[in-house]
Amino acid sequence: MQAITSKLGHQSIKHSPAISSFKSLYPLSDDHYYGYVNPRFASNIATGGTGPLVRKGTGGRSSVSGIVATVFGATGFLGRYLVQQLAKMGSQVLVPFRGSEDSPRHLKLMGDLGQIVPMKYDHRDENSIKAVMAKANVVINLIGREYETRNYSFEEVNHHMAEQLAMIAKEHGGIMRFIQVSCLGASPASSSRMLRAKAAGEEAVTRELPEATIMRSAVMIGTEDRILNPWAFFAKKYGFLPLIGGGSTKIQPVFVADVAAAIVSSLKDNGTSMGKVYELGGPDIYTMHELAELMFDMIREWPRYVNIPFPIAKAISSPREFLLNKVPAPMPVPTIFNLDAIQALATDNIVSKDALTFEDLGLAPHKLVKKCLLNLIHEDTIWIIFERLVQLISASFTRFLEYSRVQPDKEEK
């Protein structure tokens with residue numbers, strides 16, 4: 001019975017007038033694999049785009065905010081926080097994903113029933129991108145990567161993908177807001193290829209969509225971050241932490257949930273943030289050494305450092321970049337010794353004096369020590385409790401053995 005019901009359901013979706021008209025508008029290259037035409041990813045979301053947003057309810061999870069947002073890169077670090085904040089205000093979030101069907105599964109719990117819609121897509125297929133954008137009135141691009149692989153270069157991920165999304169959004173005609181998330185320090189003159197590619201991506205987006213909003217985020221801190229977690233893992237495993245260039249580079253780390261809140265705030269401001277560039281940094285400036293001290297304090301380890309000059313750090317990280325396209329096998333993901341990140345550390349990365357910041361969006365970022373680093377304590381606390389438990393069991397067992405040895409001696413006497 002279930003098989004018959006499933007078959008009838010698939011037939012009704014394939015031959016519905018809505019799907020037929022959608023196919024005529026955006027003919028996909030692979031009708032049975034990607035996006036909206038696939039019965040497994042089909043949805044009955046309300047058509048959005050032109051006209052004012054229709055809002056219903058009190059603004060909570062089960063309300064209707066009127067926002068139908070396609071969030072590219074939603075399965076990443078920042079994506080989960082942004083999807084959660086969009087969903088809790090009653091927005092519908094379309095989640096394009098290109099990997100396993102399990103990759104967006106954790107996001108579905110963040111919204112009301114049917115509000116989080118995973119859609120399989122191929123970012124190298126223009127028709128596939130049109131499919132996941134078709135019903136949206138907001139597009140947010142979080143796609144980015146701080147290292148290269150054999151299949152994806154800095155330029156493709158951080159520049160060409162952003163340009164392609166902006167071009168398709170412009171053709172769409174019903175996209176009210178386009179938000180491009182970039183990096184603090186993005187500049188054509190940067191020594192980092194990734195930051196140069198980010199700057200080129202910003203330029204391409206504003207060229208296609210002058211009203212787009214650019215969010216330049218500083219290094220983000222959170223439970224799944226890519227700076228404190230690798231440091232803590234390295235320090236726990238090897239007992240020390242390498243400091244590139246003596247740890248004198250200044251950065252302005254920001255809590256990841258604050259960046260997500262800034263994006264949501266820009267969607268609520270009636271368009272005042274359109275066409276502007278915001279630099280999102282935390283309230284405090286740290287050197288890399290000071291941030292490492294906080295990390296050691298949180299994981300309850302005695303701080304031990306090895307100062308590595310920039311030339312030696314570049315020499316250590318260069319073999320991966322040299323062999324990247326020469327070895328027919330995947331290369332390990334760089335963490336601390338990432339050549340492009342080391343080159344970016346040559347200059348301080350802080351918010352400019354005249355830049356638009358959180359305050360211009362009506363927000364106050366959280367202090368790093370109070371809000372963010374406490375996330376690192378949870379796993380370490382569990383490990384400490386486990387160690388104490390093992391010690392207690394070991395001590396109890398030792399006392400039991402000693403007691404069992406004493407008892408026979410007393411009986412013999």
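So, lysine 367: this one is partly exposed, at a relative accessible area of 39%. Keep in mind that we're looking at a predicted model here. Where does lysine 367 sit? You'll find it in the loop that runs between helix 11, residues 339–344, and helix 12, residues 368–372.

What does the side chain of lysine 367 touch? It makes a polar contact with the side chain of aspartate 284, at 3.2 Å. And there's proline 253: that residue is 114 residues from lysine 367 in sequence, but C-alpha to C-alpha the two are 9.4 Å apart in space.

Okay, on to salt bridges. How many does the structure hold? The count is 16. I'll walk you through a few.

Take arginine 80 and glutamate 224, which form a salt bridge with their closest N and O atoms 3.5 Å apart. This pair links distant parts of the chain, 144 residues apart. Arginine 80 is in helix 3, residues 77–87, while glutamate 224 is in the loop between strand 7, residues 220–221, and helix 7, residues 228–238.

Next up, arginine 124 with glutamate 156. In this salt bridge the closest N and O atoms are 2.8 Å apart. Arginine 124 lies in the loop between strand 3 (116–120) and helix 4 (126–133), and glutamate 156 lies in helix 5 (154–172), so the pair ties together parts that are 32 residues apart in sequence. Arginine 124 counts as partly exposed, with 48% relative accessibility.

Now, aspartate 269 and arginine 177. Their side chains meet in a salt bridge at 3.5 Å, N to O. Aspartate 269 lies in the loop between helix 8 (256–267) and strand 11 (277–280), and arginine 177 is in strand 5 (177–183), so this pair ties together parts that are 92 residues apart in sequence. Are these two partners buried or exposed? Aspartate 269 has a relative accessible area of 16%, so it falls under the 20% cut-off and is buried. Arginine 177 is buried as well, at 8% relative accessibility.

One more thing while you have the structure up.

Note on methods. Residues numbered from 1 in each chain as written. Predicted model: local features only at pLDDT ≥ 70, side-chain atom pairs only at ≥ 80, totals over all residues. Heavy atoms only, no water. Helix = DSSP H or I, 4+ residues; strand = E, 2+ residues; numbered from the N terminus. Buried < 20%, exposed > 50% of the residue type's maximum accessible area, 1.4 Å probe, protein only. Polar contact = N/O pair within 3.5 Å; in protein donor to acceptor, adjacent residues only side chain to side chain. Salt bridge = Lys/Arg side-chain N within 4 Å of Asp/Glu carboxyl O.
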